[in-house]
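Q: I've got a model open and I'd like to learn how to read it feature by feature. Can you walk me through some cases?

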Amino acid sequence: MKFSLSVLLTLSTAAAFQQPQAFRPATWTLQQSTEAAAETTETDKSKKDARLRMMKSDQFHRRGFKEVREQVEGRMVQEYESPLVKELRSSNFVMEKDGVKVYLAKDFGFCWGVERSIALAYEAVDHFPNKKIHITNELIHNPEVNDKLEEMNVQFIEKLDEGKKNFETVGEGDVVILPAFGASYEEMDYFDKKNVEIVDTTCPWVSKVWNTVDKHQKSGLTSIIHGKYGHEETIATVSFCEDYICVKNMKEAEMVADYIINGGDKEAFLKYFEKAISKGFDPDTMLDKLGLANQTTMYKKETRAIGQMFQKTMMKKFGPVNAKEHYMEFDTICDATQERQDAVDELVENSKEYGLDFILVIGGWDSSNTAHLLEIPEMAGVRSFHINRAECIGADNTITHRTVKGEIVTEPFVLDMSKEIVMGVTSGASTPDAAVQDSLSSIFLLKKVYDEKAAAETKEEEAKEE
């Protein structure tokens, strides 16, 4: 493991949380849906204040359980570490094995927030051996990790239509795990009012975004969220907003900027963004004062470009002197996301010098940070593949992968098996090193089998000629 659990679970999150004031308990109940609890209690000045009050409960756990920590750390090392990846690290991130040369990105794989989340979930299972344990979503976007939780009898709460969830399976005294992406305010409020143990594994970087939109709210700003409105993290973030609009890319941000400057067809605008705006959103009145935040796993260069564009938009509309009264932004891309993107940039920049045949990106297909790693070589014209597990590499030299458009396709993999395969590899922040080892081992085996077969055929031809 890259970080010890003791360090992970005692890291200060002062940047993500402030000390709460005193509050009286809430006295009203909720319907079992994520549409409820839109209001805070009388003494909660904001949803952030309400969240901080919830966190003071004796049934709210976010620092883990020390008595089971050592055994959990041992299990995580066994399940997720990789001798092969350790060897790659120690050999300056380059390895030659069985006719394959591998260049490993210098930042890759599990970030400390993901390791912390897994550790908290594992510790919860061991700490509450006789309780029924639920989780509100996938813990992280990685199939191996979520499969492990299912094997540990963690119950994944059923998703219903229109973003709702079936909380009827959660009984009094049960344990509920909140995933690394966080949970919506409505979900947190519902469980706060129910007699359950809450284990909060939310990444502190996500909490930092929630604090940012709280500042927007207190400053009378509409939050512009650079993120995917259907992503779990963004769903949680907008639940802490009052007025908001989500833009997934520069194209949508430009649509908003154009409306700010030129106005336009209000009905068409609302129709386009209908799933990405707050209830009652009015672009004619709610785009005059803006605050930018983002899903922590977005492509950082695009977030920066969007921020610069909105700065210029507000300067154009309100003048350079008054623009600062109409626009605010904070950098909420997490360090791990940026570091992994920079490392792939480095691979791409050196791809010709290295002679790379392709770059392999390993991580969950629904992992946003992994998907953005794929975009970097794709935009540079470097052949690349995003796989979610080693089984995507077929013994028939095919590869099943996710494209930048989100399609799952199968196609020929190594184009020339007769020469040395030269490849780059990276993995998303929610991908264990063991998954990297499994994928590389499949490629080593593929090449080894081909070479042995080719050698046998050559020997057979030579024997015939004699």
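This is a predicted model: local features need pLDDT of at least 70, side-chain atom pairs count only at pLDDT 80 or more; totals for chains, interfaces and linings use all residues.

Q: What about helix α5 (residues 112-127), how far does it reach from its first C-alpha to its last?

A: Run the check again: α5 has 16 residues and reaches 22 Å, close to the 22 Å expected at 1.5 Å a residue.

Q: Is α5 largely enclosed or open?

A: For that you count buried residues, meaning those under 20% relative accessible area. In α5, 14 of the 16 residues are buried, so the rest of the structure largely encloses this helix.

Q: And which residues of α16 are buried?

A: The buried residues in α16 are D433, A434, A435, V436, S439, L440, I443, F444, L446 and K447.

Q: Can we zoom in on one of those? What does I443 touch?

A: For a buried side chain, look at accessibility and then at partners from elsewhere in the sequence. I443 sits in helix α16 and counts as buried at 0% relative accessibility. Leaving out residues up to four places away in sequence, I443 touches V100, L360, I393, F413, I421 and M423. There's also a C-alpha separation to look at: I443 and A395 are 48 residues apart along the chain, with 9.2 Å between their C-alpha atoms.

Q: Now helix pairs. How are α4 and α16 oriented to each other?

A: You take the crossing angle of the two axes, and 65 to 115 degrees counts as roughly perpendicular. The axes of helix α4 (residues 83-90) and α16 come within 8 Å and cross at roughly 90°, so these helices are roughly perpendicular to each other. At the contact, P83, L84, V85 and L88 of α4 meet D433, V436, Q437, L440, S441 and F444 of α16. By class, that's 7 nonpolar, 2 polar and 1 charged residues.

Q: What angle do α3 and α5 make, then?

A: Helix α3 (residues 69-80) and α5 have axes that come within 10 Å and cross at roughly 125°, so the pair is oblique. The crossing is right-handed. On the α3 side the contact uses R69, Q71, V72, R75, M76, E79 and Y80, and on the α5 side E115, I118, A119, Y122, E123 and D126. Those residues divide into 6 nonpolar, 1 polar and 6 charged.

Q: How about α13 and α15, at what angle do they cross?

A: Helix α13 (residues 335-349) and helix α15 (residues 368-379) cross at roughly 25°, with axes that come within 9 Å. Angles under 35 degrees count as roughly parallel, so α13 is roughly parallel to α15. The crossing of α13 and α15 is right-handed. R340, Q341, V344, D345 and V348 of α13 make the contact with H372, L373, I376 and P377 of α15. Sorted by class, the contact of α13 with α15 has 5 nonpolar, 2 polar and 2 charged residues.

Q: Loops next. Are I140 and N388 buried or exposed?

A: A loop position still needs its own accessibility check. I140, in the loop between β4 (133-135) and α6, is buried at 2% relative accessible area. Beyond four places in sequence, I140 is in contact with F110, V114, I118, V145, N146, A180, F181 and S430. I140 and V114 are 26 residues apart in sequence, and their C-alpha atoms are 7.3 Å apart. N388, in the loop between β13 (384-387) and β14 (398-402), is buried too, at 13%. Again setting aside residues up to four places away, N388 touches P143, E144, G363, G364 and W365.

Q: Last one: where is D98, and what is its phi?

A: Here you look for a positive phi in a residue other than glycine. D98 has one of about 50°, and lies in the loop between β2 (94-97) and β3 (100-104). At 33% relative accessibility, D98 is partly exposed. N153 also has a positive phi, near 70°, in the loop between α6 (143-151) and β5 (155-156). N153 is exposed, at 53%.

How values were computed: Residues are numbered from 1 along each chain as its sequence is written. Side-chain values use heavy atoms; hydrogens and water are left out. Axes are lines fitted to C-alpha atoms, for helices over the stretch in contact, and angles run from 0 to 180 degrees between N-to-C directions. Helices (H or I, at least four residues) and strands (E, at least two) are DSSP runs, numbered from the N terminus. Angles under 35 degrees count as roughly parallel, over 145 as roughly antiparallel, 65 to 115 as roughly perpendicular and the rest as oblique. A crossing is left-handed if the near helix is turned anticlockwise from the far one by less than a right angle, and right-handed if clockwise. Contact means heavy atoms within 4.5 Å. Ala, Val, Leu, Ile, Met, Phe, Trp, Tyr, Cys and Pro count as nonpolar, Asp, Glu, Lys and Arg as charged, and the others, Gly among them, as polar. Buried means under 20% relative accessible area, exposed over 50%, partly exposed in between (1.4 Å probe, protein chains only). The expected span of a helix is 1.5 Å times one less than its number of residues.
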